[in-house]
Amino acid sequence: MDNLNRRLFLKKCLAAGAGAFWLSGHTSAARKNAPPNIVLIVSDDQGYADVSCYDHPQEVSTPNIDRLARHGVRLTNAYASAYVCAPTRAGLLTGRYQQRFGFYTGGDSRTGLPLSEVTLADLLKKQGYATAVIGKWHVGIQPDYRPLKRGFDEFYGFLGHGAHDYFNLRITDDYTSIYRNEKPINDTGYLTRNLTRRAVSFIERHRSRPFFLYLPFSAVHWPLQAPPEYIKRFNTGNKDRDIYLAMLECMDEGIGEVLDTLKRTGADDNTLIIFFSDNGGAKRNLADNGILRDYKQSVYEGGIRVPFIVRWPSKLPKGTVCDEPVISLDVMPTILSAAGASLRPDRVYDGKNMLPVLRRETKKTLHKALFFCDGADQWAVRAGKWKLISRKGSLELYNLVLDISETKNLASKEPDLLRQLKELYDKWRAQMGEPISRPKKQTKKTKKNRSKQK
Ligand SMILES: [Ca+2]
């Protein structure tokens, strides 16, 4: 924090009655009013049924994700804004439909999050927060698009591609090398464990000031790799499923370590934690989406409806369930509201502050409709209980309350409703941008280039 920001932050703390906490410390009243720490945990390609606080098969056990739900609010109608990794992250970090700025596909991560966009980390950093991203970045490779240029003070992880080898952490190229801040490093270990260790260290190092920890695990994304001591704990009869469950267990343990660290450092009560999966479970990885239809890369529920938990012990109810439809775009306005920060007035935000809904202070619907679009041949709109889907030009209509598995296409029975939803979608689609163009030169994967970065 530079001096100006430090002074501004101190002023805000004092205004909030938190001066005593900031200056010396530890009265519970002051702490209660202090700006919360923020921990944003994103899992990757996790199945909707691969969390034991949701309906799940017997072999699934995620006690630490369950701890989040036990002390927070579990959402049952929560969506990622895309059915693949990178667009969801672009929307997550901006609070805007990523399509507004032309970010439609995983491939758009090669161009990166447009520099005209202001990130959640940019705004929290201005608010005096220490910021870190530990994990999978996936919204830009070129130097100006990297985490330390997008509001983060610290970075450990990889910049590009959806997948990363969990054991080979040696320097390779700009996409897959492990970076520590701006430099690629030769690392060892198992990636999920490393992310946990770095996350714990970040919390411990920032115990005396508000922090924003963005922790996008690459687990449980392909490739199927886990330490043998984890794999041998499972025996489902399918070796690949056993490895997936081992990856999940390692991530769940990591979340447990984050929770234990918050408790140990006294930050537990006043830390807002949001957890969700960046898209639906992937078929390739043997993820289990339970009763939801289809998988990642589909606008059926199995591609976009995700486990989603919000926990903030001092400010939110504990052990409750919320059925309100929300979307990952809501994360940014929610976090900024909790932090006492504002959205930028110069642009349209699509995400909404979820806190009143989570506290059951309102029965008003948060979103009139939610929209999904890959810029190619799939789109969907969810409005209330209804969902209209277009796949390769064919329209399907489902009543999600009666038919969560999307088995009864009502398109021919409800032509008026279909038309209304189509109009709603068309109106939204007209506001979205053209796909972002590719840069003329992709980053070269050469040793020369790597040596320049050092
Ligand atoms: Ca993903």
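What follows is a set of questions and answers on this model.

Reader: What kind of model is this, and how are its residues numbered?
Author: This is a predicted model, where local features need pLDDT of at least 70, side-chain atom pairs count only at pLDDT 80 or more, and totals for chains, interfaces and linings use all residues. Residues are numbered along each chain as its sequence is written, from 1.

Reader: How many helices and strands are in the protein chain?
Author: Helices (H or I, at least four residues) and strands (E, at least two) are DSSP runs, numbered from the N terminus. By that count, the protein chain has 14 helices and 16 strands.

Reader: What share of the protein chain counts as buried?
Author: A residue is buried if 20 or more other C-beta atoms, placed from the backbone, lie within 10 Å of its own; it is exposed if 12 or fewer do, and partly exposed in between. The protein chain has 454 residues, and the buried share is 50%.

Reader: Among contacts between residues at least 6 apart in sequence, what share joins residues at least 24 apart?
Author: Two residues are in contact if their C-beta atoms, placed from the backbone, lie within 7 Å. Among contacts between residues at least 6 apart, those joining residues at least 24 apart make up 64%.

Reader: Is helix H7 roughly parallel or roughly antiparallel to helix H9?
Author: Axes are lines fitted to C-alpha atoms, for helices over the stretch in contact, and angles run from 0 to 180 degrees between N-to-C directions. The axes of H7 (residues 191-205) and H9 (residues 239-264) come within 9 Å and cross at roughly 10°. Angles under 35 degrees count as roughly parallel, over 145 as roughly antiparallel, 65 to 115 as roughly perpendicular and the rest as oblique. So H7 is, relative to H9, roughly parallel.

Reader: How many charged residues does the contact of H7 with H9 have?
Author: The H7 side includes Leu 195, Ala 199 and Ile 203, and the H9 side includes Met 247, Cys 250 and Val 258. Ala, Val, Leu, Ile, Met, Phe, Trp, Tyr, Cys and Pro count as nonpolar, Asp, Glu, Lys and Arg as charged, and the others, Gly among them, as polar. By class, this contact of H7 with H9 has 9 nonpolar and 4 polar residues, and the charged number 3.

Reader: How does helix H4 lie against H9: roughly parallel or oblique?
Author: H4 (residues 63-70) packs with H9 at about 50°, their axes 7 Å apart. Pro 63, Asn 64, Ile 65 and Arg 67 of H4 make the contact with Asp 252, Glu 253, Ile 255, Gly 256 and Leu 259 of H9. The angle makes H4, relative to H9, oblique.

Reader: Which helices are included in what covers the buried residues of H5?
Author: In H5 (residues 85-94), 10 of 10 residues are buried. Among them are Cys 85, Arg 89 and Leu 93. The cover includes helices H6 (120-126) and H11 (331-339).

Reader: Which residue in E15 is the bridge partner of Trp 379?
Author: Strands E14 (residues 378-383) and E15 (residues 386-391) pair in the antiparallel sense over 6 bridges. The E15 partner of Trp 379 is Ser 390.

Reader: Is Arg 311 buried or exposed?
Author: Arg 311 is found in strand E10 (residues 308-311). His 71 is 240 residues from Arg 311 in sequence, yet 6.2 Å away in space, C-alpha to C-alpha. With 24 other C-beta atoms within 10 Å, Arg 311 is buried.

Reader: Is His 138 buried or exposed?
Author: His 138 lies in the loop between strands E4 (130-136) and E5 (154-158). Its phi is positive, about 70°, although His 138 is not a glycine. Because 29 other C-beta atoms lie within 10 Å, His 138 is buried.

Reader: And Lys 392, buried or exposed?
Author: Lys 392 sits in the loop between E15 and E16. Its phi is positive too, near 50°. Lys 392 has 7 C-beta neighbours inside 10 Å, so it counts as exposed.

Notes. Pairing = 2+ DSSP bridges.
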